[in-house]
Amino acid sequence: MSYFNNFIKLFYLFGVGFLDKKSFEGFYKKSVSERQEIVAKEFSLTDSEKALLAKEGPLPFEVANRMIENVIGTFPLPLGVATNFVIDGKEYIIPFALEEPSVVAAASNAAKLSSGFTTSADEPIMIGQIQIVEMKDTKKALKLIQEKKSELLKALAKVDAMLVKFGGGPRDIKCFELKTERGAMLEVQLLVDVRDAMGANAVNTMNEKLAPMLEEITGGKARLRIISNLAVYRKARAKTIWTKEALLESVKSAGVKVTGEEIVERILDAYAFACATPFRASTHNKGIMNGIDAVVIATGNDFRAIEAGAHTYAWYATKEYKPLTKYYKDKNGNLVGEIELPLALGLVGGATKVHPVAQLGVKILGVKTAQELARIIASVGLAQNFAAMRAIVTTGIQAGHLKLHAYNLATTAGAKCEEVEKVALQMIQEKAISYSRAEEILKELRRK
Ligand code: HMG
């Protein structure tokens with residue numbers, strides 16, 4: 001065995017201890033507690049680590065064990081609420097589940113400074129994709145499918161009677177000829193109104209019914225049949241105004257010498273920068289997703305699907321990666337912000353119905369439809385993006401971020417209970433927020 005392989009083996013033995021792979025055979029067939037024992041033994045967990053794994057929080061192991069495989073415990077996240085949001089004239093308290101400091105405060109502040117959000121959302125139309133290969137004549141195949149469209153849609157309407165009963169169901173079939181390195185293919189898009197579901201199950205079930213019918217019509221072979229996360233027919237939009245006066249007010253406590261007009265100009269510069277380079281557009285959109293993901297997770301939705309759709313959509317319109325928001329001045333010189341992006345969210349099915357805390361999140365929001373949820377989340381994304389840019393072009397991101405991070409640092413330095421507040425406040429007062437300073441203050445505190 002080569003030197004390199006021997007080294008890896010050695011590292012493996014000493015790096016992680018000798019892992020008895022046999023222990024993990026049939027791991028999925030064991031109970032949660034049996035799996036916890038195996039992990040505790042294999043990784044020499046301490047008693048407190050074992051207790052951490054065994055601690056059952058608001059998501060019971062029995063429920064978690066039905067949600068994913070090989071469950072050994074749960075991974076709690078902080079759950080906060082953003083305040084001050086007025087969306088289409090209605091006040092909302094919005095649950096955020098995430099680990100990053102200052103995001104909740106930033107969204108709350110942005111909402112407070114805004115003139116309230118006006119929104120809209122498309123019908124909940126999702127796309128099912130079917131790939132057809134090995135046809136003799138793709139153009140002819142495409143035409144044949146189009147001729148059979150209404151017959152196919154009628155057949156598909158029978159697949160999910162419940163969805164049709166709630167006003168949903170198959171709406172259209174679109175076909176596109178693709179020239180690929182593997183030769184000509186057909187992309188067949190099945191458009192389905194999925195109502196208040198995210199729609200993956202409904203669409204994929206219809207896809208699997210449609211695939212053999214397409215093979216028969218085209219003489220080709222159906223390969224991939226799966227939902228598309230680029231939900232361009234299921235977008236949500238939000239818009240608001242931040243007045244010059246509100247912007248000036250927002251920096252008063254920070255003692256930054258700048259006018260409201262100047263802040264508007266600086267934000268427009270920041271937006272133009274994001275339009276000009278994907279290196280900024282990427283972070284600009286990450287700032288948006290900070291807020292969006294937090295609410296998506298808090299309501300038990302699939303944030304990976306939302307992220308995939310959002311970032312692809314940021315490229316889709318211009319075939320270049322661009323910001324998901326846009327900013328301009330109104331006739332009074334105030335800052336107008338808008339956002340538009342696909343938001344395929346569900347209130348029925350998935351973790352939303354199974355995860356007890358997700359149900360709590362939906363209850364706190366008081367939403368009744370997936371479209372209302374999408375409009376709220378679009379508003380959060382816009383607020384989050386504005387908050388970050390406003391901070392960066394005025395006080396700098398660290399001022400607010402570190403102020404809230406100070407509590408994390410105090411805790412990491414070992415501060416307990418009321419020590420945390422004392423250490424954090426002293427660092428904020430000194431404007432010296434760092435791990436080493438937290439350690440020094442804690443030592444001085446304990447010497448007293
Ligand atoms: P401030 O002016 O010191 O806040 O800003 P304030 O004390 O005047 O309070 C104003 C409002 O903010 C409050 O209103 C709260 O709503 C909220 P009030 O209730 O008092 O009437 N607020 C808080 N809410 C909860 N907990 C708190 C809290 N403090 C204020 N502790 C603030 C402080 C953090 C809001 C400000 O500095 C800020 O918005 N900073 C931006 C921080 C940020 O955007 N963080 C997001 C993560 S970083 C990120 O997005 C990635 C990035 O790369 C994206 C990009 O590049 O675009 C930056």
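In this model, R280 places a polar side-chain atom 2.7 Å from an oxygen atom of the ligand, a polar contact being a pair of N or O atoms within 3.5 Å. The model is predicted, so to speak of local features requires pLDDT of at least 70 and side-chain atom pairs count only at pLDDT 80 or more, while totals for chains, interfaces and linings use all residues. Residues are numbered from 1 along each chain as its sequence is written, and side-chain values use heavy atoms, with hydrogens and water left out.

Here are the contacts side by side:

| Residue | Distance from its polar side-chain atom to a ligand oxygen atom |
|---|---|
| N84 | 3.1 Å |
| R280 | 2.7 Å |
| N290 | 3.0 Å |

Taken alone, the ligand exposes 1100 Å², and the protein buries 71% of that (Shrake-Rupley method, 1.4 Å probe).

Now for the wider surroundings. The ligand is surrounded by 25 residues, with S102 and K112 among the closest; a residue counts if one of its heavy atoms lies within 4 Å. By class, this shell has 9 nonpolar, 11 polar and 5 charged residues, with Gly counted as polar and Asp, Glu, Lys and Arg as charged.

Which helix gives the largest share of the shell? That is α5, with 6 residues; helices are DSSP runs (H or I) of at least four residues, numbered from the N terminus.

Conventions:
Polar contact = N/O pair within 3.5 Å; in protein donor to acceptor, adjacent residues only side chain to side chain. Helix = DSSP H or I, 4+ residues; strand = E, 2+ residues; numbered from the N terminus.
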